Amino acid sequence: MLWFVPVLLLLLIVTLYPTLFVVWMSFQKTRYYDLLGFVGLANYLSALTSRAFWETTYTSLVYMAGSLVLSLGLGVVAALALNALGRSGVVLRVLTLVPWTLSMAVVGTIWLWLFNPAYGPISYTMREVGLSPGLMLGDPDLALWLVILVTSWWSFPYSMVIVTAAIQSIPRELYEAVSIDGGNWRAKLRYVTWPHLIPTLGSTALTLGILYLTLITLLIVLTGGGPLGATTTLSFEVFRGTVQAIDIGPTAVWSIAILLANIGLGVLYMRLTGRVTG
Amino acid sequence: MMPMRAGNASLYNRGMLLVLAALVVGSALGPMLWAISTSLKNEVNAVSAVPSLIPSPATLSNYLSVFRHKTFGIELLNSIVYAAGAVAIALAVGIPAGYVASRYAFPGKRTIMLIILATSMVPGVALLVPTFYLLDHLGLLNNRFVLIVILASRIAPQTVWFMQNFIDAVPVEIDEAAHIDGASRWQTLTKLVLPLIRPGIAAVAVIGAITTWNDYITIAVFAPETTKRTLQVALVNQVFDAVGISWSFTMAFAIVASLPVILMFLLVQKWFIAGLTAGAVKG
């Protein structure tokens, strides 16, 4: 159909062609950005046998898992609390959603200031209660957890909105049935709300998982992948490889690893939500 | 009237609920309040040994410095031009596609929709290396139009789906009546269908504009030139310049860079939330 031509042209040129091109690049011997000829799977072998790749993959997984647990947990609590408030909860929900609209650059900058070891309110409070704040984001043992905290602050409102929609789609009769049987709010939560939330939590985890996997800017601002590589994820490493441009072949392989993981999570999402196309 | 039968237990539950809600809203807004507070302090008070939430004395001088900063104008202009351009292109290609996707069945349609879906699964990070290579070889780095097209391609798939959904909700009888009256397909779309889905178009435009406005990585990597950068890129560069950083100025800058987004969000929050939840809840 002719009316599809513009959007297809746009996506073929700007998205699909570079996607195929990065696959081709990954089979090339490279120096800086120069392609020096076909080398088969050499880049893949060197990437997959390098310590850095697996350490970075591990950091990515910890980062994704930690952020997911915190974001979904806070999201469920926020959704339940604000939903139970009724009408006044609607306004509060809109206010709570504001962090989600902020850019990663802004979120990172605000938290960099909050975590400032010398003048930030968090390190000040820690000193007041007798804790040693240390270097905060500069502490290799602490940095990843603080980044997870920031990521969750930014994204739990998203979980909250999705979970709220799921809660509101539960038929009232089910709660009434529990009431008639003498069940309290705990029973309602356990036997009605929770079973209805599970599939939604699954699909939300996949959406957010993709987001966390491919996120870069927040890491650039908060830690720059450091200290000592403690917050270097796969995507951050691809960013660094792109701008440093020392040897682009291995970076192409890392890009493809992220691409495949993203497609895997995306297909899982389609299966789970039953979203059909065409 | 309050329900009179509220016993001690339910009063207690209500109290707990309010505390919990206050914690939720407070934790979401607290960091932003701190940023606003810092932006209203002078440079000395911002880094006092005992931080305080209330700025005293409060000053707007940081905001004045932001507006007077010599590159602020071009950065603001770039942010606006990129966001408006990307949204315009996404709508221009997304509306016709969404209309046909909604109204017609034809061979190959499934394949086309699958291509659109597949491209939406390619993350921007996987495209950094090849796109940089291609733009570099074509001499297209630091090109405003190229940036706009790239940004548009990121929001194009969702634009098609949203348009398809909105047009699905318009009765097809309207199209049929127009067709009998001799209207062309283009006239039917522009004169009859589009006016009916105007709020939807506005929502898609705002969501796309927020995404584009907030982008850092596309601009920073493909347009390293200072005159091509946006407010977001300028903000991050201030943070990189850690030694010379003035936190009160930087917070004012971050707030100014966020205000358009927050205003747009509040304007269409109902649609924004509907957009987030579309397809995410399994009934």
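This is a predicted model: local features need pLDDT of at least 70, side-chain atom pairs count only at pLDDT 80 or more; totals for chains, interfaces and linings use all residues.
For the complex, the predictor reports an ipTM of 0.92 and a pTM of 0.92. Chain B has a mean pLDDT of 90, with 95% of its residues at 70 or more. A stretch to treat with care is residues 1-6 of chain B, where pLDDT stays under 50. For these residues the model has one contact beyond four places in sequence.

Now step back to look at chain B as a whole. Buried residues account for 42% of the 283 residues in chain B. Among chain B contacts that join residues at least 6 apart in sequence, 79% link residues at least 24 apart.

The domain assignment divides chain B into domain 1 (8-61) and domain 2 (70-240). The C-alpha centres of these two domains of chain B lie 37 Å apart.

How do the two chains meet? Where they touch, 80 residues of chain B are in contact with 80 residues of chain A. On the chain B side, helix α1 (residues 8-39) gives the most, with 12 residues. By type, the chain B side divides into 62 nonpolar residues, 14 polar and four charged.

The largest nonpolar core has 156 residues, and Ile258(A) and Ala86(B) touch the most other members. Helix α7 (residues 143-168) of chain A gives the most to this core, with 14 residues. The core also draws at least three residues from each of domain 1 (8-61) and domain 2 (70-240) of chain B. In soluble globular proteins, nonpolar side chains tend to be buried together.

Not counting residues up to four places away in sequence, Ala86(B) touches Ile148(B), Leu151(B), Ala152(B), Ile155(B), Gly208(B) and Thr212(B).

Finally, visit a spot in chain A. Arg31(A) lies in strand β1 (residues 28-31) of that chain. Is Arg31(A) buried or exposed? Arg31(A) is exposed, because 12 other C-beta atoms lie within 10 Å, and a residue with 12 or fewer counts as exposed. Leaving aside neighbours within four places in sequence, Arg31(A) is in contact with Leu36(A) and Asp247(A). The C-alpha atoms of Arg31(A) and Ile246(A) are separated by 6.7 Å, although these residues are 215 apart along the chain.

Note on methods: Residues are numbered from 1 along each chain as its sequence is written. Chains are lettered from A and ligands numbered from 1 in the order in which they are written. A nonpolar core is a set of buried Ala, Val, Leu, Ile, Met, Phe, Trp, Tyr and Cys residues joined through C-beta atoms within 7 Å. A residue is buried if 20 or more other C-beta atoms lie within 10 Å of its own, exposed if 12 or fewer, and partly exposed in between; C-beta atoms are placed from the backbone. Helices (H or I, at least four residues) and strands (E, at least two) are DSSP runs, numbered from the N terminus. Domain bounds come from an automatic or database domain assignment. Two residues are in contact if their C-beta atoms, placed from the backbone, lie within 7 Å. Ala, Val, Leu, Ile, Met, Phe, Trp, Tyr, Cys and Pro count as nonpolar, Asp, Glu, Lys and Arg as charged, and the others, Gly among them, as polar. pLDDT is the predictor's confidence in each residue, from 0 to 100.
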